[in-house]
Amino acid sequence: MSEYLLEVKDLCKRFPIKGGLLGREVGAVNAVNNVSFKIKKGETLGLVGESGCGKTTLGRSILRLIEPSSGQIIFDGKDITQFNADEMRAIRRRMQIIFQDPYASLNPRMTVGDILAEPMEIHGLHTNKADRQKRLLQLLDQVQLPKDALNKYPHEFSGGQRQRVCIARALAVEPEFIVCDEPVSALDVSVQAQVVNLLMDLQKDLGLTYLFIAHDLKVVEYISNRVAVMYLGNMVEVAESHELYGGSKHPYTKALFSAIPSHDPKHQQSRIILEGDIPSPMNPPTGCHFHPRCWKATEDCKKSYPIVTSSSETHQFRCHNPL
Amino acid sequence: MAEKVLEVKDLVVEFKTDRGTVKAVNGVNFDVYKGKTVGVVGESGSGKSVTALAIMGLIPNPPGRIAGGEINFKGKSLVNIAGEEMRKIRGNKIAMIFQEPMTSLNPVFTIGDQIEEVLELHQPNLDNKARAAKAVDMLRLVGIPSPEKRVHEYPHQLSGGMRQRVMIAIALSCEPDVLIADEPTTALDVTIQAQILELMKKLQKELGMGIILITHDLGVVAETCDDVAVMYCGQIVERADVKTLFNHPQHPYTKGLMESIPSFDSTTGVKKERLQTIEGMVPSLFELPSGCNFQDRCKHATEVCKGIQGEPHLRDIGAGHQVSCFHPLN
């Protein structure tokens, strides 16, 4: 048995763009481009990047909610890209997802009890009525919701409580791996901290493995063991989270960290302000995709895409002129 | 002391609903000075946007109304003035930018048309040619590349950051004295947010307007504001200049907000501690407790907070620092 629960190898997702009278393919967006990484059991890998960098597509491709174009996803030693629908359904019991918007991801016509029971129904768990009731109450207890929540509807809850329901739903089938796709981005700061703490407690108690996707670097750095940074479909840097802040090698990572306004007056730092916008992924720049916004770009950067370089066992990056 | 351009005094805004009347804003006070930025921070539902809409005279009536207090712009009251008169001030002397640059621009007009519309309304002495030239100038001012070309483009052809720049160009085209920015960077990525905040600071220096910056992001406040007001359930619970507030927060809510943000302090790799949280959630405006609104979530709450001696009021505790709490922290 390997120590890695999930291994992603050269994953690509290409969305064709159809156009013209005959609907011919006129271009393509490489939303995820040759991404490889591994996640250990019980670890949290954070995934950050700006909108449109492909982080959500990557998260969903791993569960095959979006069918990857090429590459391998090896979950617990098995390549799930080759699985048929039945095998896939079975493996999804072990890998779950929590979405960003707790308002849109709960069916408004179902009670919380029904919402939590549905995944168990599908996977044939706790079929005995008394067992199921016990399990439902246990789930509510785990996410710190009151017992009477079972008979209530999603609209009766606040955003933070709804996100707890979403977490309970993901936990219902006792998964090992959860993709958390921006689970706290829609919440107010004080509630965000409650949910982040809850996710960390659950990880400790249940031995969960997370892929934690967010654009908020502070939260990602806080919750993750390792952090991966994406830019225009490529993974540009991966490192231990404490290595990344202060020790980033890729100029983009450095700029991303420096762009965060700090609320601590003691930690005001000089700011790197990137010029321009994120280029369109339909028509990415040649060479290193970051070169038009990079202050360290040279001729090389325009010509060739940098290969993966390691500065230590845990720290990899793709840059011709690392910091 | 800089010139005071806007004064909000004991502002109360009520909304009639099926479940009774609620006070979305309840006794809010603050001043805006020329060339300075006031930050209004709070979580969703704390009344910060309603305060902004009240200043702009945009509270939908019914169901809402300004039930009390004063809004004075350069000594002139904006409460209960005629619609015609307010229209001359709104967008001209007091301008506003919104959170969603996507929905606040009209998709069927070019961005040039939309800047010119403001000029047409407020500067009728300009002819067509001068207006078109001014539109290009404004786009150049907010840092949009090749403005002569961009002026003929539609909102969908621009990125989110560019759209927010256009919004700023529209708001500033009449050189307002007060700019209200309601979560101007919430919908943007961090690198773009940094660009927009920098731009707003630069333009403030050049044009000298007072800014009211409404946000839930304490980081943004710390880096851009001069004075800060923290709102909770329609009231200001703490007010101070930015340094004092962040170094010595007095209200347990302010402190709680600051502590619930993970910070980059722990770069040593040691296992991080749990995030501090504020227990519970914001009470519904229909079921506000008597006494202090924050009592149920507060670690320091005592009998007195339940309102046996009335509600807490904003009181001075030192140079320009005000707090509304029975048990300020130190």
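Biologist: Which residue in E2(B) does B:Val13 stand opposite?
Modeller: In this predicted model, B:Val13 faces B:Val25 of E2(B).

Biologist: And how do strands E1 and E2 of chain B pair, parallel or antiparallel?
Modeller: Antiparallel, over eleven bridges, with E1 covering residues 4-17 and E2 covering residues 20-33 of chain B.

Biologist: What joins E1(B) to E2(B)?
Modeller: A hairpin, and it runs through two residues.

Biologist: How many bridges join E1(B) to strand E4 of chain B?
Modeller: Eight, and those two strands run antiparallel, with E4 at residues 64-73. One pair you can look up there is B:Phe15 with its bridge partner B:Gly64 in E4(B).

Biologist: Nice. Switching to the interface, how many residues does each chain bring to the contact?
Modeller: Chain A brings 42 residues and chain B brings 43 residues.

Biologist: And what area is buried between chain A and chain B?
Modeller: About 3800 Å², and carbon and sulfur atoms give 57% of that. On the chain A side, A:Val189, A:Tyr222 and A:His263 lose the most area to chain B, together making up 18% of what that side buries.

Biologist: Which helices of chain A supply at least two residues each to the side that touches chain B?
Modeller: Those are H6 (189-206), H7 (217-223), H8 (241-247) and H9 (251-259) of chain A. H6(A) gives the most to that side, with nine residues.

Biologist: How does the side of chain A that touches chain B split by class?
Modeller: By class there are 18 nonpolar, 14 polar and ten charged residues on that side.

Biologist: With charged residues there, how many salt bridges does the rule find across the interface of chain A and chain B?
Modeller: Zero salt bridges between chain A and chain B. Polar contacts do turn up, though: eleven residue pairs between the two chains, both partners at pLDDT 80 or more.

Biologist: OK, new topic. Why is helix H1 of chain A largely enclosed by the rest of the structure?
Modeller: Because six of its eight residues are buried; the helix spans residues 55-62 of chain A.

Biologist: Which residues in H1(A) are buried?
Modeller: They are A:Lys55, A:Thr57, A:Leu58, A:Gly59, A:Ser61 and A:Ile62.

Definitions and conventions. Residues numbered from 1 in each chain as written. Chains lettered and ligands numbered in written order. Predicted model: local features only at pLDDT ≥ 70, side-chain atom pairs only at ≥ 80, totals over all residues. Heavy atoms only, no water. Contact = heavy atoms within 4.5 Å. Buried area = accessible area lost by both parts, 1.4 Å probe. Salt bridge = Lys/Arg side-chain N within 4 Å of Asp/Glu carboxyl O. Polar contact = N/O pair within 3.5 Å; in protein donor to acceptor, adjacent residues only side chain to side chain. Helix = DSSP H or I, 4+ residues; strand = E, 2+ residues; numbered from the N terminus. Nonpolar A, V, L, I, M, F, W, Y, C, P; charged D, E, K, R; others polar. Buried < 20%, exposed > 50% of the residue type's maximum accessible area, 1.4 Å probe, protein only. Pairing = 2+ DSSP bridges.
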